[in-house]
Amino acid sequence: MKNLKLTNNDTIHRVKMFKAKKAWVAMGTSLAIMGGSAVLSTANADTINNSAANGSDTTTISQTSTVKTNVQPTALTKNETKDSKIDDAKNTVQNDTDSINDTKSDINDAKNQQTSNDSEINQDQTAINNTQNDLNDAKKQHDQDQQNADSLAPDGYEDKENDVSKANDAVNNAKNTVNNDQTKVNNATNDKNKAQTDVNNAQKNADAQQSNVNNATSKANDAKNQLDNTDKTINVHHPAKPAKPGTLQEGTVINSENELPDHLVKPSDADKYNSYAKQQAGGATINSYWNYVGDDDHSSIIVDNHLTPQQQLEAAQYALTLINDFRRQHGLPPMKMSQISIQLAQNDANMRNQYGVASSDHSYPGSEDQGGVSQEQWDNAMMRTIDANFDTAKDQSHNYFAADQNLGDISMDYVPTMLALKVRILQIIQDMAYADANWDWMHTQAFLRDTPNIIGNNEKLDNIWFGLNIVSPDEYGTSAVLFDMFETWDTSNGQTDKINKILDQNQVSGYVNNGYNTVENNPAYAKAQTAYTNAQEALKTAQNNLKNALSSLSNAKSNLNNKVTAVNNAINQLAQDNVKLSAAKTTLANATTALENAKKEYANQLPAYEAALKTVDQDQSVINALNSKLSTLKKDLANHQTKAKTINSNLNQLEQKLSQLEQKLQKDQDYLAQLINQSNQDNNDSNGNSDNTGSNSNSDSDNNTNNPGTDTNTDDSNQNSNDGHNGTSNSNTTDPSDTTNDSSTGANSTDNSSHTNTNSGNKQTPSNSGLADNGNATVTPNHQVSNAVTVEQTGYTNGATRTSRTQNQNQKAVPSRMSYYHFSQKSSTKLEQKQSKDTLPQTGEDQQKDETIAVTGSILALAVSALGLVGLKRRRNNK
């Protein structure tokens with residue numbers, strides 16, 4: 001049958017055999033009218049058939065169903081939990097019993113082993129005692145026979161025998177000693193030969209190491225000579241690689257002197273930025289066109305922002321070179337520079353300091369209105385350096401000497417070296433040559449002076465003298481850069497020649513970038529140093545190896561001397577022991593001669609004496625055999641005694657284990673009894689309460705008018721008010737729910753000490769407490785039963801075997817709740833609880849046409865009717 005999940009509106013039809021009292025009345029009446037066997041054999045089957053014929057399913061509701069029915073899921077779950085606990089407790093008790101039986105069996109085995117081993121110990125002890133007695137007897141016999149032999153010995157004969165025996169032992173000992181001595185001589189000789197081989201090898205190694213030392217010494221000396229003849233440093237020339245100017249935004253990097261240009265080159269963007277204003281608008285910086293970095297700067301350092309005279313000269317030479325290159329590009333002759341013109345520039349700087357001329361103001365003659373100096377001041381500082389008798393009023397009228405000045409400035413904090421200063425001078429001259437538009441190109445024209453129109457006359461200039469000076473920094477760290485130019489021209493008074501001669505003294509040439517030289521470490525010297533160091537290390541290694549080799553040679557020679565001494569000692573000892581062997585042989589010969597003479601003298605007495613000695617030897621053999629046997633027996637006894645300790649220990653452990661298991665069994669039995677008593681009490685509470693006031697939602701209308709086998713009562717909690725027959729005998733049951741329990745035959749009358757009917761909800765769950773002794777009868781009540789066999793079935797017949805299709809036909813029923821005291825089997829079978837999902841529940845009838853059953857059914861029907869009327873009356877009185 002398909003297992004359906006029902007809704008609240010579905011009608012649930014279920015076969016309810018012998019449950020509600022109203023059903024018993026109807027059933028009893030029907031049975032009385034229709035008569036015995038026909039009613040009993042067909043009524044419930046008809047109910048099932050009619051339900052199937054009418055198209056309605058008879059659905060078995062499992063304990064996990066969510067449909068609201070007459071079955072109370074909570075009670076069903078509790079009952080099943082009780083049975084599960086009881087079954088588990090039974091299994092535990094059975095397992096305890098099995099463990100106890102197994103342990104008892106192990107104890108019996110251990111005791112058997114103990115008995116067997118004790119027997120072997122007794123046997124060993126008996127054998128030892130017997131053997132000891134035999135040994136004692138043998139010793140006594142030996143002593144008697146020895147006394148007899150002693151009495152038969154001729155006078156002095158034993159002494160002579162002893163002398164021969166001692167002499168023979170002495171000879172054998174001497175031979176062994178000589179043999180040992182010879183072995184020692186051979187071994188010592190072998191050791192000496194090996195030691196000699198070691199000496200030879202050590203000598204070869206020492207010679208080889210000495211050769212290595214000699215070679216290493218020679219190489220070290222050669223490396224030292226090479227190092228001594230190699231210069232530590234060398235002069236390295238770095239050729240000139242003049243750089244080209246960059247742009248306003250990105251200047252060319254200058255790292256070394258050889259990159260410094262000695263030609264003035266017009267920048268590519270000079271026309272675009274031909275004035276100071278345009279350069280500022282274009283983002284000019286201190287690094288525009290030229291960017292001093294100085295990563296390889298070997299120029300002299302400027303100390304405290306003040307230049308030495310030599311540094312002033314070097315700066316003037318570089319400026320002169322750039323200016324003259326600019327003049328060359330315009331077809332003009334070069335300016336001249338001498339020590340006098342340089343001194344004039346220095347005088348100009350001194351004059352500026354004297355009169356407080358600012359770094360941004362000019363100091364040419366007559367510039368006092370611009371913050372400069374007057375003509376008189378200039379003449380005193382400048383002209384009288386050339387001519388001490390120079391008369392300003394007189395000589396100025398002849399106009400044979402003039403001076404021009406271009407003025408720049410440098411922040412000395414940014415020029416730490418002469419290379420940095422030269423880069424700054426380059427930037428200034430380049431700006432004066434190509435970016436002078438804001439000053440109407442006056443700086444440019446000053447550099448290109450050569451036309452009489454510039455000085456306002458038609459005289460041609462003879463010479464232009466140049467001098468440069470970097471003035472000491474002012475309070476802001478700024479130094480004025482003075483580009484002083486002095487001119488002479490033809491006059492009638494002859495002063496020009498005089499001036500020219502003075503200025504021509506000690507002329508100074510301009511700057512030429514020939515690169516630069518540096519003093520650097522000589523790579524050859526470093527290589528020679530490494531070679532010398534390696535040679536010294538190799539020499540040290542060779543010397544250490546030679547030292548070790550000489551030590552090994554010395555040890556080998558010492559060992560050889562010891563081995564030679566050992567050989568000599570062994571040879572000497574061998575010679576001494578050979579002498580002793582010769583003496584022992586002589587003593588043996590004499591003793592043998594004396595014994596032979598005694599044998600002749602006592603020829604008649606000797607046979608009896610020798611026979612007695614033979615007997616003594618035999619006695620000794622017996623004693624030796626008994627001693628060996630006694631030793632073996634004692635070992636056997638010791639083994640068996642050790643085994644006895646092991647057996648006793650195991651036996652003690654098993655007995656402790658048995659005691660623990662018996663205590664556990666008692667606890668588990670008590671717990672099982674507690675579970676069973678609790679279950680019986682719960683069943684009595686649910687089935688034995690005749691005044692149960694539980695609600696019956698459909699007490700007057702149970703839909704049983706035409707179908708007494710089907711009851712849809714949804715809350716039949718007042719169940720089996722007359723079912724409380726706990727403790728009654730199955731031999732004469734009156735329980736209405738057990739009408740098929742074969743009351744006439746009493747199949748359970750022997751061992752069924754109690755019959756507890758544990759009905760849950762609308763399902764019958766008789767427990768058959770005596771089922772364990774019911775032969776092969778298999779009982780299959782519905783849902784909850786104390787036996788482990790649980791299948792879907794609404795009733796059972798105690799006289800027949802009936803199972804559903806889920807029942808394993810080979811399973812046997814297990815002991816019921818109250819039969820745990822009768823456990824005699826070592827294991828029991830517990831079937832899983834199952835619900836039939838494919839077929840309708842069994843009706844409980846045997847469906848056999850047996851006349852005996854029919855008669856019985858008629859009698860029971862009348863009893864049911866009577867009981868039903870009583871129950872119905874009680875229910876109505878309880879409303």
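What volume does the largest pocket have? About 1,000 Å³. This is a predicted model, where local features need pLDDT of at least 70, side-chain atom pairs count only at pLDDT 80 or more, and totals for chains, interfaces and linings use all residues. Residues are numbered from 1 along each chain as its sequence is written, and side-chain values use heavy atoms, with hydrogens and water left out.

A pocket here is an open set of points on a 1 Å grid over the protein atoms alone, where a 1.4 Å probe fits, with protein on both sides within 12 Å along at least five of seven lines; lining residues have an atom within 4 Å of a point. Volume is the space filled by probe spheres set on the points, which are joined across faces, edges and corners.

The lining has 34 residues, and Leu407, Gly408, Met432, Trp439 and His443 lie nearest the pocket centre. Strand 4 (401-411) and helix 11 (418-434) are among the elements that each supply at least two lining residues. Helices (H or I, at least four residues) and strands (E, at least two) are DSSP runs numbered from the N terminus.

Now the core. The largest nonpolar core has 51 residues, with Ile429, Phe466, Leu468 and Phe483 having the most contacts inside it. Helix 11 gives the most to this core, twelve residues. Such a core is a set of buried Ala, Val, Leu, Ile, Met, Phe, Trp, Tyr and Cys residues joined through side-chain atoms within 4.5 Å; buried means under 20% relative accessible area, with a 1.4 Å probe and protein chains only. Another core, of 19 residues, lies apart from it and includes Val171 and Leu574.

Notes
Buried < 20%, exposed > 50% of the residue type's maximum accessible area, 1.4 Å probe, protein only.
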